[in-house]
Amino acid sequence: MGTQRKIALVTGAGSGIGRASSLALMKAGFTVVLAGRRIESLEETRSLGPAPSMSTSVICDIADPESIAALFAKVMDLHGRLDLLFNNAGIGAPSIPLENVSLAQWKAVIDTNLTGPFLCTQFAFRIMKDQTPCGGRIINNGSISAHAPRPFSAPYTASKHAITGLTKAASLDGRAYNIAVGQIDIGNAETAMTARMTSGVLQADGQQVPEPCMNVDDVGNAVTCMANLPLDANVMFMTIMATKMPFVGRG
């Protein structure tokens, strides 16, 4: 990474994939701006890193455009540049039949999982285009749901399919400015959100079946592998999943 520490911004950094990725990036030498809604969780992530003083916690609601603007203003105030954005923050909706999903539930997922990352990508583009040296990297958290849905998951699945479109469009638009954009699609990383997987999750045939999970630290290491590439190389799409989870088989 040379003598200058690279600046990374991770949304949803207070737990799960965001925490694991932030810690892996810190260990790799990045200075990480930890963004999320709960300062206590962000500070806990920061305290677990190898050099807590080199990273900063910033409260941000990724569904609030003004909060996003304030976040990127803070990044520039602190560091004057941005080398990596990991669009990680996301939420789901209740697992209910499609026809019972309310407009409010739909909008909450789309605002957080799609509009928020779009706005973050806009701000990152503006910074990365103008900084010296020009360029940077953006990694979007897609999900296995960017490929295939689970039952009763229309809002989440739609948002993650849309993230794939955003990744492709941003990758194309970023070429002229040395901005590399890629996506990591994660299946069954063991976090608080996926704890139910090991006790049983609804399958396409209506059965409740336990599913294998993988260590979330391996996701953090995968994100860091993408982040550490030189800007003339890009992992456009990476799928990392529990080896034995039911994804590529029938049923």
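Which residues does Ser 22 touch, not counting residues up to four places away in sequence? The legends below take this predicted model one close-up at a time, starting with that serine.

View 1. Ser 22 lies in helix H1. Not counting residues up to four places away in sequence, Ser 22 touches Val 10, Ala 13, Val 32, Leu 34 and Thr 45. Its relative accessibility is 0%, so Ser 22 counts as buried, the cut-off being under 20%.

**View 2. The largest nonpolar core, with 30 residues.** Leu 25, Val 32, Ile 139, Ile 184, Ile 186 and Val 219 have the most contacts inside this core. At least two core residues come from each of S1 (7–11), H1 (16–27), S2 (31–36), S4 (84–87), S6, H6 (216–227) and S11 (237–241). Helix H6 gives the largest share, six residues. A second, separate core has 24 residues, including Ile 7, Val 33, Val 75 and Phe 125.

**View 3. The contacts of Ile 139.** Here we stay with one of the residues with the most contacts inside the largest core. Leaving aside neighbours within four places in sequence, Ile 139 is in contact with Leu 84, Leu 85, Phe 86 and Asn 87, among others. Its contacts also include Gly 182, Ile 184, Val 223, Met 226 and Ala 227.

**View 4. Helix H3 and its buried side.** The 15 residues of H3 should span 21 Å at 1.5 Å a residue, and the end C-alpha atoms are 21 Å apart, which agrees. Ser 67, Ile 68, Leu 71, Phe 72 and Val 75 are the buried residues of this helix. They are on the same side of H3, because they cover an arc of only 135° around the axis. On the other side of H3, look for Glu 66 and Asp 77, which are exposed. The cover over the buried residues of H3 includes S1, S2, S3 (56–59), S4 and H4.

**View 5. A stacked pair of rings, Phe 72 and Phe 123.** The count of aromatic pairs in the model comes to one. The ring centres of Phe 72 and Phe 123 are 5.3 Å apart and the planes are at 15°, so the pair is stacked. Because Phe 72 lies in H3 (residues 65–79) and Phe 123 in H4, the pair ties together parts that are 51 residues apart in sequence. Phe 72 is buried, with a relative accessible area of 2%, whereas Phe 123 is partly exposed at 23%.

**View 6. Two charges over rings.** Arg 126 lies over the face of Phe 123, at 5.2 Å from the ring centre. In the other example, the charged end of Lys 129 sits over the ring of Tyr 177, 4.4 Å from its centre.

View 7. Most residues other than glycine have a negative phi, and most peptide bonds are trans. Thr 132 and Pro 133 are joined by a cis peptide bond, with omega about -5°. Pro 133 is found in the loop between H4 (103–130) and S5 (136–141). Ser 143 has a positive phi, near 115°, and its place is in the loop between S5 and H5 (154–174). This serine is buried, with a relative accessible area of 7%. Asn 178 also has a positive phi, near 65°, and is found in the loop between H5 and S6 (179–187). At 36% relative accessibility, Asn 178 counts as partly exposed.

Technical notes: Residues numbered from 1 in each chain as written. Predicted model: local features only at pLDDT ≥ 70, side-chain atom pairs only at ≥ 80, totals over all residues. Heavy atoms only, no water. Helix = DSSP H or I, 4+ residues; strand = E, 2+ residues; numbered from the N terminus. Buried < 20%, exposed > 50% of the residue type's maximum accessible area, 1.4 Å probe, protein only. Core = buried A, V, L, I, M, F, W, Y, C linked by side-chain atoms within 4.5 Å. Contact = heavy atoms within 4.5 Å. Phe/Tyr/Trp six-rings, centres within 6.5 Å; stacked < 30°, edge-to-face > 60°. Lys NZ or Arg CZ within 6 Å of the ring centre and 35° of its normal. Expected span 1.5 Å × (residues − 1). Arc of directions from axis to C-beta.
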